[in-house]
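Please keep the sequence and the model in view while reading.

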Amino acid sequence: MNEHTRDGRLAEAIALREQGAPDQARERLLALAAALPDDAEVAYQTAWIHDVLGLEAEAAPFYERALHDRTTLTETDRRGALLGLGSTYRVLGRYAQAVDTLRGGVAEFPDDGALRTFLAMALFNAEEHHEAMTLLLDLLATTSRDPRVQRYRRAIEHYARDLHETV
């Protein structure tokens, strides 16, 4: 398949997903993924459509394939694939893999609040409640536009570092 045909078919499948026709998009993406098994972008889009359809178990191998080569995906797609895979692992009850994947995503993209939020959820599921709460409090303190939260930002950041502190 030449690049022009690949790009056209991929664009068509993405448009179908965006237009609310996920089953049709899935058919096209599965065909593309079969024809282009080493194409990270096709794998990512195929994983995404499976997530849209609530087929997380089927999504995971496509996310894994998409992330296999660290250089192929755009930064935006890589962020999405890391979040998607970590979230998928969490939903499947594979909490250790979720935490590892999302920690890697946060290490690579420390400014990404969505990755940090999903990591906090996975940490909660892995019974790492203190770290989950610390992440969420830090995220709240640094991203909230609520003036009442900002008024107490320093205190929230302080207690986020040690929730057990007492006097």
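## Burial and overall form

Of the 167 residues in the protein chain, 40% are buried; here buried means under 20% relative accessible area, exposed means over 50%, and partly exposed lies in between, with a 1.4 Å probe and protein chains only. The model is predicted, and local features need pLDDT of at least 70, side-chain atom pairs count only at pLDDT 80 or more, and totals for chains, interfaces and linings use all residues. Residues are numbered from 1 along each chain as its sequence is written, and side-chain values use heavy atoms, with hydrogens and water left out.

The protein chain has 10 helices and zero strands; helices (H or I, at least four residues) and strands (E, at least two) are DSSP runs, numbered from the N terminus. The C-alpha atoms fill a box of roughly 70 × 30 × 30 Å along the principal axes. The accessible surface, computed by the Shrake-Rupley method with a 1.4 Å probe and, for residues, with only the protein chains shown as cover, comes to about 9600 Å². Carbon and sulfur atoms account for 52% of this surface. Among contacts (heavy atoms within 4.5 Å) with a separation of 6 or more, 43% join residues 24 or more positions apart.

## The nonpolar cores

A nonpolar core is a set of buried Ala, Val, Leu, Ile, Met, Phe, Trp, Tyr and Cys residues joined through side-chain atoms within 4.5 Å. The largest core has 40 residues, and Tyr63, Leu73, Leu115 and Leu119 touch the most other members. The elements that give two or more residues to this core are α1 (3-18), α2, α3 (40-52), α4 (56-67), α5 (75-91), α6 (95-108), α7 and α8. A second, separate core of five residues includes Leu137, Ala141, Ile156 and Ala160. In soluble globular proteins, nonpolar side chains tend to be buried together.

Which residues does Leu73 touch, not counting those up to four places away in sequence? Its partners are Ala40, Glu41, Tyr44, Ala66, Leu67, Arg78 and Ala81.

The 15 residues of α8 should span 21 Å, at 1.5 Å a residue, where the expected span is 1.5 Å times one less than the number of residues. The end C-alpha atoms of α8 are 21 Å apart, which agrees. Within α8, Ala132, Leu135, Leu137, Leu139 and Ala141 are buried, and their cover includes α7, α9 (147-151) and α10.

Tyr159 belongs to helix α10 (residues 153-161) and counts as partly exposed because its relative accessibility is 43%. Together with Met133 and Leu163, Tyr159 forms a nonpolar surface patch with about 270 Å² of accessible area.
Patches are made of residues with over 30% relative accessible area and no salt bridge, in which like charges are joined within 9 Å and nonpolar side chains (Val, Leu, Ile, Met, Phe, Trp, Tyr) within 5 Å. A salt bridge is a side-chain nitrogen of Lys or Arg within 4 Å of a carboxyl oxygen of Asp or Glu.

## Selected residues

Glu127 lies in the loop between α7 (113-125) and α8 (129-143), and counts as exposed because its relative accessibility is 63%. Its phi is near 60 degrees, a positive value in a residue other than glycine. Most residues other than glycine have a negative phi.

Pro37, in the loop between α2 and α3, is partly exposed at 38% relative accessibility. Pro37 and Phe62 are 25 residues apart in sequence and 9.4 Å apart in space, C-alpha to C-alpha.
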